[in-house]
Amino acid sequence: PDWYNAPLETWLIPNQDIYAISTQECQYTPRSGYISCEDDFYSWIGEYLGEYYIKLAVTSLMSIRIGIFIKREHYHKVSDLRYATVATGIANMIGNKGGSAVAFKLYNTSFCFIGSHLAARIDRGRLETRNQNYRDILSRLPFSQNGDNQDEFDHFFWFGDLNYRIELERDHIIELIDNEDWDTLRESDQLANESELENCFIGFKEKLIDFKPTYRYTRFDRTWSEEKWPWREPAWCDRILFKSFDFDNVEMLQYFPAHGLMTSDHSPVGGIFDVKLPYPPLPHKRTQCNIVFSNLKGFNLKDVGSNAPNTQIEFQSHCLSESIQTNEQRSRDPIWDTTYTLHPLQTLREYLEYQHIRIVITSGSTPMGTGIINLKHACGSLPYSFSIRIIEKGKQQGTLEGTVEITWEDSNLSTHFNLPHSDSLTRSKSTWSTATKDLKDSDKRNVTTALGNPRKRTQSTWNASPRAKRKNTSSLGSRRTGD
């Protein structure tokens, strides 16, 4: 890092609630007094952020690192903090490729951040290796009780040097860049095309890219590198993707490169997100409330065996008094004629609108996949018909259809108690930063997050800016330090 002249403020936007910073190939001789690159680098970030922030977690897989900083005033609202790494290098044992992850809850909302470095090079064989790297990281992280992390978190942010390339000739790519023809470049972007085909990052979104590719530059200036032959094609290797149980509760406000940080042959990227965080429910007079599932039908549900599976559904959620299981159906296209009734712990409509039911499908003891149903769709006056994809280890394993509705003994329950509404969280692609704004006479918590990632010596932060009546903001970022 350029310890004294790096324009961190262009990447780690000041005054946010949470910063998440990821680096790839972050390996150098640490400064005197520091025992490792991890210690040195994140101490530097901490010095930049200042005394109002606490380093919540840092973990590394060789030189793939992720660190989370949070404003002191929010520190005691964090729970269930976990971190882990997954290697996807040679024999899935070497950590030159893979991911580092941190997960936690802020108030009652769960987050997961993964900083990763996937397989390099443009050829089609390496493209499938990148897709497999994604699936391996997703399925091998030890965060999920269901064997897969796809539907484990309210908000899921994945960033880093993902290494997806633009499948055009180098000279043509540079010509399109000079003309700022982003539309034509995006048509040949591997990540966008593979994601659309559901070969990777199923259910994730990305804000439309409208900036120059972040790879591959000459270090200490931003001319296209001619260091290695054959010369590398410019590409959007450094990306920020996000996934939410309810995309109405998250918005990516900004997506940008930080070309002023030039110690790497990658430019770091950043993103700012606005995320709503509901308060935990306050005490209220309980009434009879039922969540009713009916007309359940599975289609083309896949099993590891060749025979038709003994398919069973389990309904899971922290808002339920207990999990409920269906009876078994021996079919790849099972039909459940029975109606299943679930009982929520809290019965306020405003609370249930922010909750979800995780659908876990198994064949005996073998997981077949999971899916998510947002209960806000079931809080209306009519039953809600749904069709959801069942995902296992990053691949679609079938579809589940059915009907869900929520019934109350007293239909005016939501007027009996005033539940605080939500916060907003913003995140940026290269960096996470946090900013708190005191909004008085307010019943919302506002959190902004910024996330970013460059491939080489770059870093990322979360940026936050309050949006409604609450006080919390956060930001996330990522940086690549080596090639």
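The dialogue below reads several features of a predicted model.

Q: How many helices and strands does the chain have?

A: The chain has six helices and 23 strands. Of its 483 residues, 59% are buried.

Q: What share of the contacts in the chain joins residues 24 or more positions apart?

A: Contact means heavy atoms within 4.5 Å. Among the contacts in the chain with a separation of 6 or more, 71% are between residues 24 or more positions apart.

Q: What span should helix 2 have, and how far apart are its end C-alpha atoms?

A: Count 1.5 Å a residue. Helix 2 covers residues 124–140, which is 17 residues, so it should span 24 Å. Its end C-alpha atoms are 24 Å apart, which agrees.

Q: Why do residues three or four places apart in an α-helix point the same way?

A: An α-helix has 3.6 residues a turn, so residues at that spacing point the same way. In this structure, the buried residues of helix 2 include Leu127, Arg130, Asn131, Tyr134 and Leu138.

Q: Which elements do the buried residues of helix 2 pack against?

A: They pack against strand 4 (78–87), strand 5 (98–106), strand 6 (109–117), strand 7 (155–161), helix 5 (190–196) and strand 20 (395–408).

Q: Is Ser294 buried or exposed?

A: The cut-off for buried is under 20% relative accessible area. Ser294 has 16%, so Ser294 is buried. This residue is in strand 11 (residues 289–299). Leaving out residues up to four places away in sequence, Ser294 touches Thr339, Gly402 and Thr403.

Q: Why is strand 3 described as largely enclosed?

A: Strand 3 (residues 64–71) has eight residues and eight of them are buried, so the rest of the structure largely encloses it. Look at both sides of the strand. Ile64, Ile66, Ile68 and Ile70 point one way, Arg65, Gly67, Phe69 and Lys71 point the other way, and all are buried.

Q: Which strands are joined to strand 3 by bridges?

A: Strand 1 (residues 18–24) runs antiparallel to strand 3 and is joined to it by six bridges. In that pairing, Ala20 stands opposite Ile68. Strand 2 (residues 53–61) is also antiparallel to strand 3, with eight bridges. There, Leu61 has Ile64 as its bridge partner.

Q: What phi does Met62 take in the hairpin of strand 2 and strand 3?

A: This hairpin has two residues between the strands, and Met62 takes a positive phi near 50°. Met62 also belongs to a nonpolar patch on the surface with Ile90, Met93 and Ile94, with about 470 Å² of accessible area together. Of these, Ile94 lies in the loop between strand 4 and strand 5. Ile94 is partly exposed, with a relative accessible area of 39%.

Q: How many residues of strand 17 are buried?

A: Eight of the eight residues of strand 17 (residues 356–363) are buried, so the rest of the structure largely encloses this strand. Both faces are covered: one has His356, Arg358, Val360 and Thr362, and the other has Ile357, Ile359, Ile361 and Ser363.

Q: Which strands are joined to strand 17, and in what sense?

A: Six bridges join strand 17 to strand 12 (residues 310–316), and the two run antiparallel. Ile313 is the bridge partner of Ile361. Strand 18 (residues 366–374) pairs with strand 17 in the antiparallel sense over eight bridges, and Ser363 stands opposite Thr366. In the hairpin of strand 17 and strand 18, Gly364 takes a positive phi near 65°.

Methods. Residues numbered from 1 in each chain as written. Predicted model: local features only at pLDDT ≥ 70, side-chain atom pairs only at ≥ 80, totals over all residues. Heavy atoms only, no water. Helix = DSSP H or I, 4+ residues; strand = E, 2+ residues; numbered from the N terminus. Expected span 1.5 Å × (residues − 1). Buried < 20%, exposed > 50% of the residue type's maximum accessible area, 1.4 Å probe, protein only. Patch = residues over 30% accessible without salt bridge, like charges linked within 9 Å, V, L, I, M, F, W, Y side chains within 5 Å. Areas by Shrake-Rupley, 256 points an atom, 1.4 Å probe, with all protein chains shown as cover. Salt bridge = Lys/Arg side-chain N within 4 Å of Asp/Glu carboxyl O. Pairing = 2+ DSSP bridges.
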